[in-house]
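Hi everyone, thanks for making time. Let me put the sequence and the model up on the screen, and then we can walk through them together.

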Amino acid sequence: MEIKKFIETIKGTKLFTAYNTNVDAIKYLKDEDVQKLVDEFNHKDIIERMEEYPRIIEEPLDFVARLVHSIKTGKPAEVPIKDDKKLHEWFDRIKYDEERMGGQAGIVSNLMATLQIDKIIVYTPFLSKKQAEMFVDYDNLLYPLVENGNLVLKKVREAYRDDPIKINRIFEFKKGLKFKLNGEEITAKQSTRFIVASRPEALRIEIKDDVRKFLPKIGEAVDCAFLSGYQAIKEEYRDGKTAKYYFERAEEDIKLLKKNKNIKTHLEFASISNIEIRKMVVDYILSNVESVGMDETEIANVLHILGYDELSNNILKDSFIEDVIEGAKILLDKFKNLEVVQVHTIYYILFVCRADNPLSKEELEECLEFSTILASTKAKLGNIRAIDDLHEGLKIPHNKYGDLLKEIAEKFNDNNYKIALSPSRYVEKPKSTVGLGDTISSGAFVYYVSLLNKKRMS
């Protein structure tokens with residue numbers, strides 16, 4: 001299919017997206033950068049800390065241990081950092097290569113505005129001037145405000161407030177990166193990234209009360225909602241509020257968005273090291289949306305919470321597509337609200353639906369193919385700045401396992417399930433991997449909703 005046809009399909013779609021945006025400070029790691037980092041510490045201490053597997057960065061050694069683990073396994077990771085002035089100062093010593101838009105809501109808003117869909121309404125609890133300027137300058141990208149008791153949609157760049165800035169530090173590394181630890185040479189298995197995620201005390205993943213009462217009206221103005229950022233919710237806050245309080249509000253947000261119009265909602269899962277928070281995302285959010293996007297580690301983590309320990313461990317260990325499909329079917333069986341489970345990995349993107357899904361297998365594959373073009377474009381260029389950039393992504397061939405993966409997935413189509421797979425277009429040395437999952441998921445989801453709308457109207 002031509003790029004023009006893909007863009008024509010999504011053109012009329014209207015999207016609401018929330019909650020997380022931040023500034024990404026990015027460091028592209030070279031061999032010598034990692035060697036210098038590990039040599040700041042006793043190598044045996046790093047190995048010991050890797051075995052302890054810290055789930056929060058409380059000191060620099062925690063960071064180095066988890067970074068080495070990520071490089072060694074070739075798995076992306078996101079670990080929160082303790083809100084500590086001295087620790088932040090240590091990270092600020094590092095010379096970062098660039099700053100850009102981060103956070104799923106921010107990345108998706110900029111992508112969809114650039115692809116010129118009809119309207120994007122984005123909501124984020126923090127909107128500093130610096131953050132607002134990281135949104136692309138398009139008229140279709142709007143922020144909801146309440147003025148004189150009325151809902152007003154303003155261009156995001158004009159809607160900023162005197163808010164704090166949330167900065168995530170991102171360490172990108174390429175396949176083949178090498179360094180020595182305690183005499184052992186370690187080589188990066190894959191090109192991926194390690195995120196040190198900031199969780200400021202003042203940041204609450206919520207829609208503030210003034211805008212919140214207009215959520216039914218916002219829902220009426222859009223076709224779908226892409227929701228993310230729940231990984232930033234803490235178990236407890238200094239003012240006594242708990243994760244339960246914010247998850248109950250988030251669940252209510254989804255219901256308010258759908259109050260006047262039955263819009264499609266998508267949950268973009270994320271790497272969540274806190275098991276209690278992960279469980280709440282499953283209980284409060286996954287049980288209320290029509291679509292979910294995740295990678296193979298995230299689906300394994302969800303299956304673990306649901307009690308499927310053996311299957312979860314198998315996916316974590318081997319990443320076999322058969323196990324991933326089995327896991328996706330379990331989610332569809334457990335959560336009757338779900339229409340589509342989408343899993344993206346380095347080699348493929350997959351839709352698992354019930355057999356009665358209104359879209360044909362070919363149409364589902366079209367959604368996925370569009371998302372692989374977006375991903376390969378972003379991986380090759382580092383960002384998508386114009387629709388014409390997608391021609392670069394289209395030139396990149398599908399990976400060499402594509403035919404085999406499609407063949408395996410095809411076997412799982414039966415009277416109960418409809419399964420579509422598109423092999424990824426493999427960029428050997430990507431310029432950047434941050435936001436690839438969000439790009440894939442949002443592309444597939446928006447295209448899915450666009451095709452459903454066209455079907456309803458025909």
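I'll start with the sheet, then turn to the annotated sites, and finish with the cores.

A quick word on conventions: this is a predicted model, so local features need pLDDT of at least 70, side-chain atom pairs count only at pLDDT 80 or more, and totals for chains, interfaces and linings use all residues. Residues are numbered from 1 along each chain as its sequence is written, and side-chain values use heavy atoms, with hydrogens and water left out.

So, the sheet. It is open, with ten strands in the order β7-β6-β5-β1-β12-β13-β14-β15-β16-β17 and mixed pairing. Strands here are DSSP runs of E, at least two residues, and helices are runs of H or I, at least four, numbered from the N terminus; two strands pair if DSSP finds at least two bridges between them. At the edges stand β7 (150-155) and β17 (417-423), each with a single partner strand, so one side of each has no neighbour in the sheet.

Now look at helix α18, residues 436-457. α18 lies across β1, β12, β13, β14, β15 and β16, and runs at about 165° to β13. For that angle, axes are lines fitted to C-alpha atoms, for helices over the stretch in contact, and angles run from 0 to 180 degrees between N-to-C directions.

Which positions does UniProt mark as "binding site"? The unreviewed entry gives Glu268, Glu298 and Asp438; its positions are in the numbering used here, feature names are shortened, and annotations may be inferred rather than shown by experiment. These residues span 171 residues in sequence, but no two of their C-alpha atoms are more than 13.5 Å apart, so they gather at one spot.

Glu268 sits in strand β13, while Asp438 belongs to helix α18. Are they buried or exposed? Glu268 is buried at 3% relative accessible area, and Asp438 is buried at 10%. Buried means under 20%, exposed over 50%, partly exposed in between, with a 1.4 Å probe and protein chains only. Beyond four places in sequence, Asp438 is in contact (heavy atoms within 4.5 Å) with Gln104, Ile107, Val108, Phe226 and Glu268.

Last, the nonpolar cores: sets of buried Ala, Val, Leu, Ile, Met, Phe, Trp, Tyr and Cys residues joined through side-chain atoms within 4.5 Å. The largest has 123 residues, and Phe16, Tyr230, Phe247, Ile285 and Phe351 touch the most other members. Helix α18 supplies the largest share, ten residues. A second, separate core has 32 residues, including Leu67 and Phe91.
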